[in-house]
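Colleague: I would like to learn how to read a model like this one, feature by feature. Shall we take it step by step?

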Amino acid sequence: MGIGSGIALFVIGAILAFAVNLDLGGVANLQTIGYILMAAGVVVFLISLVLVFRRRSTESVSRSTINPASGQRVTTRRTSDNGDPLV
């Protein structure tokens, strides 16, 4: 389930709620089913957005040392994005 799934559920629900005019003899109300699918689409869309923004974290580590051969300061920077190992 992702952002696209949420949008698809919302669109299918909107079609059932507003565009389909079919009487099923009291077995099911398509407008109610459409509204339920629209609500589920919004919930899936919002949960997907929260998870996408939560994954986007960056961690940066820098280390400064002195090279014993030349006596110069050497700075090493490592970055981790989305929980990947430091590179």
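Colleague: Let us start with one residue. Where is the place of Ala14?

Modeller: First, a caution: this is a predicted model. Ala14 sits in helix H1.

Colleague: Which residues is Ala14 in contact with, leaving aside its neighbours within four places in sequence?

Modeller: A contact needs heavy atoms within 4.5 Å. With those neighbours set aside, Ala14 touches Ala19 and Met38. You can also read C-alpha separations. Ala14 and Gln31 are 17 residues apart along the chain, and their C-alpha atoms are separated by 8.7 Å.

Colleague: Now zoom out. How many helices and strands does the secondary structure of the protein come to?

Modeller: The protein has 2 helices and 2 strands. Read from the N terminus, the order is α-α-β-β.

Colleague: How do I judge the span of a helix? What does H1 reach from its first C-alpha to its last?

Modeller: Compare the span with the one expected at 1.5 Å a residue. H1 has 17 residues and reaches 23 Å, close to the expected 24 Å.

Colleague: Which residues of H1 are buried?

Modeller: Buried means under 20% relative accessible area. In H1 that gives Gly6, Gly13, Leu16 and Ala17. They cover an arc of only 100° around the axis, so they lie on the same side of H1.

Colleague: And which residues are exposed on the other side of H1?

Modeller: Gly4, Phe18 and Ala19 are exposed there.

Colleague: Take Ala19. Why does Ala19 count as exposed?

Modeller: The cut-off for exposed is over 50%. Ala19 is exposed because its relative accessible area is 60%. Ala19 belongs to helix H1.

Colleague: On to rings. How many aromatic pairs does the count come to?

Modeller: The count comes to 1 aromatic pair. The partners are Phe18 and Tyr35. Read two values: the distance between centres and the angle between planes. Here they are 5.9 Å centre to centre and 75° between the planes. Planes over 60 degrees apart count as edge-to-face, so this pair is edge-to-face.

Colleague: Which parts of the chain does the pair link?

Modeller: The pair links distant parts of the chain. Phe18 is in helix H1 (residues 3–19), and Tyr35 is in helix H2 (residues 30–55). The two residues are 17 residues apart.

Colleague: What about the strands? Where is Thr75 found?

Modeller: Thr75 is in strand S2 (residues 73–81). At 43% relative accessibility, Thr75 is partly exposed.

Colleague: Which residues is Thr75 in contact with, beyond its neighbours within four places in sequence?

Modeller: Thr75 is in contact with Arg63 and Ser64. The C-alpha atoms of Thr75 and Arg63 are separated by 5.6 Å, though they are 12 residues apart along the chain. With Ser64 there is a polar contact, side chain to side chain, at 3.4 Å.

Colleague: Last, the totals. What share of the residues in the protein is buried?

Modeller: Buried residues make up 14% of the 87 residues. The accessible surface comes to about 6900 Å², and 60% of that belongs to carbon and sulfur atoms. Among contacts between residues at least 6 apart in sequence, 39% join residues at least 24 apart.

Key:
Residues are numbered from 1 along each chain as its sequence is written. This is a predicted model: local features need pLDDT of at least 70, side-chain atom pairs count only at pLDDT 80 or more; totals for chains, interfaces and linings use all residues. Side-chain values use heavy atoms; hydrogens and water are left out. Rings of Phe, Tyr and Trp (its six-membered ring) pair if their centres lie within 6.5 Å; planes under 30 degrees apart count as stacked, over 60 as edge-to-face and the rest as tilted. Helices (H or I, at least four residues) and strands (E, at least two) are DSSP runs, numbered from the N terminus. Buried means under 20% relative accessible area, exposed over 50%, partly exposed in between (1.4 Å probe, protein chains only). Accessible areas come from the Shrake-Rupley method with a 1.4 Å probe; for residues, only the protein chains shown count as cover. The expected span of a helix is 1.5 Å times one less than its number of residues. The arc is that of the directions from the helix axis to the C-beta atoms. A polar contact is a pair of N or O atoms within 3.5 Å; within protein, one must be able to donate a hydrogen and the other to accept it, and residues adjacent in sequence count only if both atoms are side-chain atoms.
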